[in-house]
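Please look over the chain shown below, with its helices, strands and charged side chains in view. The report then takes up selected elements in turn.

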Amino acid sequence: MSTVPHAATAIFKARTNKWFAGFSWFVAAAGLAGLVAAGGLPALAGAWPLLFIAYLGWLLFWRPAVVVTDAGVTIENPFRAITVPWAALVHVDTRYALTLVTPGRSYGAWAAPAPGIWGGRNARPEDLRGLPDSTYGPGNSVRPGDLKSTDSGQAAQLVRGRWQQLVESGLLDAGAADTTPVTVRFRWLEAAAALLLLGLSYWSVAVL
């Protein structure tokens, strides 16, 4: 897990996602080196699939994040950025991934997947202690996705902790959830780049 605090901002990125991104870049770099070694610089005309792999490593694993500020939570997914103001948030779920629930709909975070039903098998006692109050269910139960040792749990702790601070300080209007808008921005540039690289990859495989 990586959290980068600056001013009133905390950024969560899963450590495992960085490993996957690095692995994809290694595969792409090794493939490019192999092409050059086998056919020289002209062989790079067929490198588009490798560049597509490198781009997907950035898009799917390096770029996704959960950004927590005093204004709200922004989920940076591969093709969308969703900003949920604190006043619009009604629940934080971790069943499948960190999910922000609002009166209108729910928004999952690509950067913070839940570990699944087996995620709690290696839980330690310290993974269950000191979590924000809203984490605990009946009998102080904790979902596997809420454990401190999981990606979803670490992200949820950041979100719930800041949310609890704002609630306790009286800075949130409890009745404003239905009227507070959520901002969803589609990442057209990223989508266009993915389609372009996909098309070029197909062309290089089918034609060259």
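This is a predicted model: local features need pLDDT of at least 70, side-chain atom pairs count only at pLDDT 80 or more; totals for chains, interfaces and linings use all residues.

Residues are numbered from 1 along each chain as its sequence is written, and side-chain values use heavy atoms, with hydrogens and water left out.

**Helix α3**

Helices (H or I, at least four residues) and strands (E, at least two) are DSSP runs, numbered from the N terminus. Helix α3, residues 151-168, has 18 residues and spans 26 Å from its first C-alpha to its last, which is close to the 26 Å expected at 1.5 Å a residue; the expected span is 1.5 Å times one less than the number of residues. Where the helix starts, a side-chain oxygen of T150 comes to within 3.0 Å of the backbone nitrogen of G153. After α3 comes G170, whose phi is positive, near 75°.

Burial is judged by relative accessible area (buried under 20%, exposed over 50%, partly exposed in between, with a 1.4 Å probe and protein chains only). The buried residues of α3 include D151, S152, G153, A155, A156, V159, R160, W163 and L166. Q154, also found in helix α3, is buried because its relative accessible area is 15%. The C-alpha atom of Q154 is separated by 9.0 Å from that of A14, although these two residues are 140 residues apart along the chain.

Two strands are taken to pair if DSSP finds at least two bridges between them. Strand β4 (residues 72-76) and strand β5 (residues 80-85) run antiparallel and are joined by five bridges, with T83 in β5 as the bridge partner of T74.

**Salt bridges**

Side chains of opposite charge can pair when their charged atoms come close. A salt bridge is here a side-chain nitrogen of Lys or Arg within 4 Å of a carboxyl oxygen of Asp or Glu, and by this rule the count comes to four. The table lists three of these pairs.

| Salt bridge | N to O distance |
|---|---|
| R63 and E76 | 3.0 Å |
| D70 and R162 | 3.0 Å |
| R187 and E76 | 3.0 Å |

R63 forms a salt bridge with E76, their closest N and O atoms being 3.0 Å apart. This pair links distant parts of the chain, since R63 is in the loop between α2 (48-62) and β3 (65-68) while E76 is in strand β4, 13 residues apart. Both R63 and E76 are buried.

The side chains of D70 and R162 also meet in a salt bridge, at 3.0 Å from N to O. Because D70 lies in the loop between β3 and β4 and R162 in helix α3, the pair ties together parts that are 92 residues apart in sequence. D70 is partly exposed, with a relative accessible area of 46%, whereas R162 counts as buried at 15% relative accessibility.

E76 has a salt bridge with R187 as well, in which the closest N and O atoms are 3.0 Å apart. R187 lies in the loop between β9 and α4 (188-206) and E76 in strand β4, so the pair ties together parts that are 111 residues apart in sequence. R187 counts as partly exposed at 21% relative accessibility, while E76 counts as buried at 15%. R63, E76, R187 and E190 are linked in a network of salt bridges.

**Nonpolar surface patch**

Patches are made of residues with over 30% relative accessible area and no salt bridge, where like charges are joined within 9 Å and nonpolar side chains (Val, Leu, Ile, Met, Phe, Trp, Tyr) within 5 Å. Accessible areas come from the Shrake-Rupley method with a 1.4 Å probe, and for residues only the protein chains shown count as cover. F23, F26, V27 and I53 make a nonpolar surface patch of about 380 Å². Helix α1 (residues 15-39) contributes the largest share of this patch, three residues. V27 lies in helix α1 and is partly exposed, with a relative accessible area of 31%.

Notes:
A polar contact is a pair of N or O atoms within 3.5 Å; within protein, one must be able to donate a hydrogen and the other to accept it, and residues adjacent in sequence count only if both atoms are side-chain atoms.
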